[in-house]
Amino acid sequence: MFREMRRIKQALSKEESIQILEKGTSGVLALSGDDGYPYAVPISYVYADSRLYFHSAKCGHKIDAILKCPKASFCVIEQDVVVPEKYTTFFRSVIAFGQIRILEESSEIRSAVEMLAVKYHPNDTEEGRQKVIQQELNRLCMIELSIEQLSGKEAIELVNALPQTRS
């Protein structure tokens with residue numbers, strides 16, 4: 001169903017790809033937009049158990065696209081160092097493909113909001129976090145992308161610089 005990476009020597013392991021998702025703070029969510037045009041939007045997220053969670057307003061282009069087609073991809077770039085003399089970049093990135101849905105159950109919504117809150121303000125108190133969540137909860141739409149395919153890739157120069165421990 002999903003294509004294999006063409007430059008397999010540059011592939012990151014599943015564990016390395018997950019680490020990039022766990023460390024990242026934003027990525028680009030790609031959906032099928034209006035009139036067959038792709039719709040890609042930068043967005044903050046949290047990763048947990050092979051799922052990505054996003055928050056959104058309850059209406060707009062993103063919500064319309066999700067309701068129209070549940071297939072999505074999400075890309076996170078961990079590193080992108082421009083190397084002018086080589087006409088390239090030394091990059092590390094991941095892309096996830098999967099099914100996306102709007103969360104409906106209040107327990108799912110609250111759990112996703114809490115994971116986002118902890119990720120983006122880890123030093124807040126439980127009381128402070130719950131106060132903000134309660135204030136914003138009715139205005140939020142929470143979205144889940146269940147990952148079906150995850151692949152990571154890095155520049156060949158980074159691969160060549162590593163000790164040869166990968167297979």
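**Cores, helix faces and a strand hairpin**

Within the largest nonpolar core, which comprises 26 residues, the members that touch the most others are Leu29, Leu52, Phe54, Ile100 and Leu145. The model is a predicted one. Two or more residues of this core are contributed by each of helix 1, strand 2 (27-32), strand 3 (38-43), strand 5 (51-56), helix 2 (61-68), strand 6 (71-83), strand 7 (88-102) and strand 8 (141-154). Apart from this core lies another, of 12 residues, including Leu116, Ile133, Leu137 and Met142. In soluble globular proteins, nonpolar side chains tend to be buried together.

Leu145 was examined for its contacts beyond the neighbours within four places in sequence. Leu29, Leu52, Phe54 and Ile100 are among the residues in contact with Leu145.

Helix 1 (residues 14-23) has Ser17, Ile18, Ile20 and Leu21 as its buried residues. Viewed down the helix axis, these buried residues fall within an arc of 155 degrees, so they line one face of helix 1. The exposed residues Glu15 and Lys23 are carried on the face turned away from the buried side.

Helix 3 (residues 106-120) contains 15 residues, which should span 21 Å at 1.5 Å a residue; the end C-alpha atoms are 21 Å apart, in agreement with this value. Ile109, Ala112, Val113 and Leu116 are buried in helix 3. These buried residues lie within an arc of 100 degrees seen down the axis, and therefore line one face of the helix. An α-helix has 3.6 residues a turn, so residues three or four places apart point the same way. The buried residues of helix 3 pack against strand 4 (46-48), strand 5, helix 4 (126-136) and strand 8.

When neighbours within four places in sequence are left aside, Ala112 is in contact with Tyr53, Leu103 and Met142. Met142 is also one of the residues of the 12-residue core. The C-alpha atom of Ala112 is separated by 30 Å from that of Arg3, which is 109 residues away along the chain.

Strand 2 and strand 3 pair in the antiparallel sense, with six bridges. Ala30 has Ala40 of strand 3 as its bridge partner. The two strands form a hairpin, with five residues between them. In the turn, Asp35 has a positive phi of about 55 degrees.

Notes: Residues are numbered from 1 along each chain as its sequence is written. This is a predicted model: local features need pLDDT of at least 70, side-chain atom pairs count only at pLDDT 80 or more; totals for chains, interfaces and linings use all residues. Side-chain values use heavy atoms; hydrogens and water are left out. Helices (H or I, at least four residues) and strands (E, at least two) are DSSP runs, numbered from the N terminus. Contact means heavy atoms within 4.5 Å. Buried means under 20% relative accessible area, exposed over 50%, partly exposed in between (1.4 Å probe, protein chains only). The arc is that of the directions from the helix axis to the C-beta atoms. A nonpolar core is a set of buried Ala, Val, Leu, Ile, Met, Phe, Trp, Tyr and Cys residues joined through side-chain atoms within 4.5 Å. The expected span of a helix is 1.5 Å times one less than its number of residues. Two strands pair if DSSP finds at least two bridges between them.
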